[in-house]
Structures are given as structure tokens and as C-alpha cells.
Amino acid sequence: GWCKRTQQIRSFPDGFLFGAATAAYQIEGGWYEDGKGLSIWDIATHTVPSPIKDGSTGDVSADSYHLYKRDVELMKELGIDFYRFSVSWSRILPNGFADKINQPGLDYYNNLINEMLDNNITPFVTIYHWDLPYNLQKLGGWTNPLIVEWFRDYAKILFDRFGDRVKFWMTINEPKQICYEGYGSDLKAPFLNATGIAEYICAKNILLAHAKVYHLYDESYRKIQNGTIGISLSCTWYEPASDTSDDHQAAVDARQFDWGQYAHPIFSNAGDFPAEVKQNIALKSAEQSFPKSRLPEMSAAEVALIRGSSDFFGINSYTTKLTYRDASLEGMYPVPSYMDDMGAVMIKDPSWTQAQSTWLQEVPWGFYKLLVEVRNLYDNPPVYITENGWSTAGGLLDEGRISYYRSYLTALLDALDEGCDVKAYTAWSLIDNFEWKNGYTEKFGLYEVDFSSPELTRRPRKSAHIYKEIIRSRQLNLNYEPEDFIHEHD
Ligand code: GBH
């Protein structure tokens, strides 16, 4: 069981890495500059009426397209070992296809990478973080099997152009969010909302696209460039709401649908989609008179291609949900649907501390249980925490974020004590940014961005001072108070 250690000062192991993350559409701006093509998020945010909570766009956002040198100053000030950022596919390939490479797009990322290296910050590049070229979406995007080739062509250009200096690669950020939120619901662009069908087609294509790019790197680049490449999954912890066997099975099914669907094909010995996912969808499909399961099958060759195709297990982890299954499920979800296939109800516990984002609560023991479960299920793979963070409404004095980072890092240290092979930790996010459908109403930054100032001024929050000291000392000291923190703006 999990028990929060009371020790006040604890050390991170030698070689443990600390970083911070962002994503292209959320920070760059420059949406239509220097030959960039349109992405599905450009289209989404320019739709009338706007699907975005505050009607905002990423047209300018934090303007990192122009202010990247300032961003690197923040990284330096924070002392992070690495910075995880994503490349905008349509900035490099305006049409999505590899026929026409946009030189200013290459220049931008080359400048950013070189500026980071000049300041001793290691670049960690996410190849795809949700901003699909609109041209490819017109052809079905992640539901078209040809995307496996389009994605490979795009990734190859990044390896060719940046791989001499980039040694950490992530193929795809959060497949579940791309497939379920984007194609199975209307939570993310392209808002396809074709649940029960589209998210499963997307899942298979994403796994294949990821695996092809992994093997491309492994076979043609690794020897010369000597880097590491993997994938990141968003992993929520699902805790049984009670001790009944129904609730336990509901929590297992929720984990398998949420992240096992992607983790099992890549990280398990057997490969393929997890048994729970295959069985539930096959059963429901038959009941619903589908001639075969709505979950696409994988051939033996596809299973083999995907299995083992990641050097590390990238985990984006934020929160925990209580999970149950009972008679109230009857008729609760549309048919067919991903939620109906999973057959679980997920709820918040009102006693857990709530962030600005409705879905986000502080549950450090859930993070601990998640890390131990990943160790148990997949033979203790090397884990990089590629995102972890807390949202507020704003302000420099962010005690909620400090409490969150401290309690989650405590849980991480506990997991290390249990033998979990966690090698790196990444805070989401370096700076405030465009939080997808919630626009600028939720702030995740260690640094505040003043979106109302023409300079888009960046200022450190109190949490930035705390994180800086953790990185400097390689220790977590729960009593540390920054002396030089001036919160004149609160
Ligand atoms: C990350 O996604 C993204 O990679 C990043 O771009 C984003 O800015 C950041 O998190 C903060 O949101 O529990 O049913 O209510 C996090 C993905 C989004 C997954 C919310 C869980 C809640 C679904 N998470 N989602 S539910």
C-alpha cells in the first residue's frame, strides 16, 4: 500500500533528469507565417461559432515562434536538463505531404535547438502533438491507413534535419486523446464524434505509424545518431470505488481501455490489444449485429512490428478517478460507443483537492499505484514522466501547484524505492499556453505569460522557484521557502 513518507528531505538518484514541456500549437503562434500550412487546430479555432470556451485561438498565443530566445532564458534560469517541445507538422510540410519542405519552418526549429544547445539544455522532440495538417484531415486523418506512410515521411525529414543534434524523440503524444477525444468525441479537433468505430480505427493506425517510425529510426538512424525514441501515453489511474469484484473489474477495464489499449501492444510480451479490450468490443459488436468486431484485428506481422517498438514508456500523468460498474450503467451511454464498450463509470471524489481544470484533482497515491502497475504489467520498463502538472486560474503565488508537484514527486520517489525504473520527470508546462478547448482559462505554466501585454511578458511563479531548487539540489525539501520570491503582482 501507499503511505506518504514523512521524511522532509529526499534525494533523487544520480542521472535522474528534470525537464519541462510544451507543444507547438499551444505556444508558438505564427499560425500563418513564413509559409506554414493550416492544421486542424487552425481550422477548429477559426470556426464560427467557436468551439473554444473563451473564443480564443492559438494564432499568437505565447508567440514562441518569435520569442524562443526568451523561452530558452527561462529554461536556463530554471536549470532544467531538457526541454520537451513539439514540431508543427504543417510548419515543416505545409500540405502534410513530403513533396514541399518549408525552409523557414526548418530554420525556426534549427534556431531553437541551437539556442538550447548553446545553453546546455537537451532538446526532447515530440514529433506529433495533435496539430495534424488540415490537408491530411480532409483525407480522413488518423482514420486513413495511409497516414502510416505520411507520418513516416514527415518523421524522416525530422531525423534527417535535426537528428544530428536531437537525441530524445517521442513519436506521438497521447494516442488515446487523439483517437477518442478527436475521433470518438468532440473534445478535441477534428471533433469527428464517431464513437465506437473511429477511435478504434485510429488506434490501430496510430500504433502502426508509431512502430514504423520507431523502426525507421532504429534501423537507419540510431547507429549514426545514437539517440533514443519512444511514445507517451496519458495514464489516468482508475481506482475501484468499492471492494466489490464488479468495481475491481470496472477499474481494470477502465485502465485497459484508457492506456492499456496502447501500452499492451507495445510493452507487453504478448503484444496485440489487451484481452479485456478485445473481448468487450467483440461481445458488444455481436450483440449489436455487427458482422465482426468494431475493433480492427492485427495480423501476426503487425503484432510483431508494434511489440517492443519503444525505448521507454513515456507517461503523462495527472489524476485519478473512482470507477464502478452496476445496474445504473444500463442505458447510460450511447450504443455503440467507447464508453459502453468499456462498461465503467468514472467519477471524482469530492474530497480530493480540485484544480482549475474540472478533470484534474491532486491524488498522489494514484500516481504511485500507476507507476507500480506499469512496473508489474510490463516487466519494469524504463519510464520517463513526460508530463505532470497543475492548473490554476492565474497569479504568481501558486501554492496549489507547489503542493501538487511536491506530493507527486514524493510519490515518484516512493515508486523508485519500490524498484520502478523512472529516469526522468517533466513538468507541464514551462509557460502558460493555449489549453485546447479551454483556451486561456486554465494556466499550467511554471512561468506566467501576460497575454494582455504586447510583449507577452513571462514571469516566474513561486512554483518555478521551488522547482528550480529541486533541480539545483537534486533533492525534494518539503520545507524549502524561496527567499527571493517577490509576489508584487498578487
Ligand atoms: C495533456 O493532456 C496534453 O498533452 C497537453 O497538451 C495539455 O495541455 C495538458 O495535458 C493539460 O491538459 O478524466 O474523463 O475527464 C492531458 C490529457 C486531458 C487526459 C483530460 C484526461 C480528462 C478526461 N488529459 N482528460 S476525464
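In what order do the three strands of the open sheet lie, and with what pairing? The close-up views below, taken from a predicted model, begin with that sheet.

View 1. The strands follow the order S7-S9-S10, and their pairing is mixed. Strand S7 (237-240) and strand S10 (345-347) form the edges, and because each has a single partner strand, one side of each is left without a neighbour in the sheet. On average, and with direction ignored, neighbouring strands are turned by 40 degrees against each other. Four bridges join S7 to strand S9 (residues 320-324) in the parallel sense, and Tyr238 stands opposite Lys321 of S9. Helix H11 packs on the sheet, where H11 touches S7 and S9, and its direction makes about 170 degrees with that of S7. Helix H15 (residues 364-377) also lies across S7 and S9, but runs at about 100 degrees to S7.

**View 2. Helix H12 and its buried face.** Helix H12 (residues 275-287) consists of 13 residues and reaches 18 Å from its first C-alpha to its last, close to the 18 Å expected at 1.5 Å a residue. Its buried residues are Val277, Asn280, Ile281 and Ser285; seen down the helix axis, they fall within an arc of 125 degrees, so they line one face of H12. The cover over these buried residues includes helix H9 (198-220), helix H11 (245-267) and helix H14 (338-342). On the other side of H12, the exposed residues are Gln279, Leu283, Ala286 and Glu287. After H12 comes Ser289, whose phi is positive, near 70 degrees.

View 3. Most residues other than glycine have a negative phi. Glu174, in the loop between strand S5 (168-173) and helix H8 (175-184), has a positive phi near 55 degrees, and with a relative accessible area of 5% Glu174 is buried. Asp272, in the loop between H11 and H12, has a positive phi near 75 degrees; at 16% relative accessibility, Asp272 also counts as buried, the cut-off being under 20%.

**View 4. Two cis peptide bonds in loops.** Most peptide bonds are trans. The bond that joins Val335 and Pro336, however, is cis, with omega about -5 degrees, and Pro336 belongs to the loop between S9 and H14. A cis peptide bond also leads from Trp428 to Ser429, with omega near 15 degrees; Ser429 lies in the loop between strand S14 (422-428) and strand S15 (447-449).

Technical notes:
Residues numbered from 1 in each chain as written. Predicted model: local features only at pLDDT ≥ 70, side-chain atom pairs only at ≥ 80, totals over all residues. Heavy atoms only, no water. Expected span 1.5 Å × (residues − 1). Buried < 20%, exposed > 50% of the residue type's maximum accessible area, 1.4 Å probe, protein only. Arc of directions from axis to C-beta. Contact = heavy atoms within 4.5 Å. Pairing = 2+ DSSP bridges. Axes fitted to C-alpha atoms, helices over the stretch in contact; angles between N-to-C directions.
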